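Here is a short report on one structure. Please look over the sequence and the model before reading on.

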Amino acid sequence: PRGFTMSAANPQSISGITLPDTPLTREITEYIRDTEDDLLFNHSRRVFLFGALHGRRRGLEPDLELLYAGAMFHDIGLTDGYRKSMRRFEVDGANAARDFLLERGVDDAAARKVWLSIALHTTPGVPEFLEPEIALVTAGVETDVIGIGRNDLSADAIEAVTAAHPRPDFKNRILRAFNDGMKHRPDSTFGTMNADVLQHFDKSFVRADMVQMIRNSSWPE
């Protein structure tokens, strides 16, 4: 694993976490910067930083290139290019990241880690038991969106991350971004927390009910 570089003097170091500076990560940054708005770009950078901080706290040693790839691509499925997709937005993002990495010579196993880190980032209770790159994308998302684990990080670390990547009116803006990215594919939210978002914005939205699905299945008994 490439691990952590602890260099406070490095201008790319935020709270002791150095943003990986490799040809691959530079391409990722350029691609995501061109594809996402400030809201999602800054959110994705915070997800990387918070995930890396949680990794340092937990004694995990992720490959920072792969963690960066997962964090930066994790919400690309919410962008305009996926407005006709009927898949879960997480799967769209996972596919996009995997293809991007494979096209640049990343091996299949590494690309699959990134795929899983993105595909599972809205499935709580599972990623934490998988590889560090997978666990820490979800940890970063949970901290930035819901505040889970925020109290485990120092106030100085949180201030440094949010100074580098601010979150003005983030709660309302990210909810709107979720809704905009999923309202055309409501069935993709079945069994996930994403249904909560659509229900909030569209009072006519009806969640699929697993109990009714079982009772109304084609089985005769």
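## A helix and its surroundings

The buried residues of helix α6 pack against α2 (38-58), α3 (64-73), α5 (108-119) and α8. Contact means heavy atoms within 4.5 Å. Buried means under 20% relative accessible area, exposed over 50%, and partly exposed in between (1.4 Å probe, protein chains only). Helices (H or I, at least four residues) are DSSP runs, numbered from the N terminus.

This is a predicted model: local features need pLDDT of at least 70, side-chain atom pairs count only at pLDDT 80 or more, and totals for chains, interfaces and linings use all residues. Residues are numbered from 1 along each chain as its sequence is written, and side-chain values use heavy atoms, with hydrogens and water left out.

Helix α6 covers residues 132-146. Its 15 residues reach 20 Å from first C-alpha to last, close to the 21 Å expected at 1.5 Å a residue. That expected span is 1.5 Å times one less than the number of residues. Of the 15 residues, 11 are buried, so α6 is largely enclosed by the rest of the structure. Among them are E133, L136 and D144. After α6 comes G147, with a positive phi near 90 degrees.

Two residues can be set side by side.

| Residue | Place | Relative accessible area |

What is T138 in contact with, leaving aside its neighbours within four places in sequence? The partners are L120, H121 and P127.

Definitions and conventions: Helices (H or I, at least four residues) and strands (E, at least two) are DSSP runs, numbered from the N terminus.
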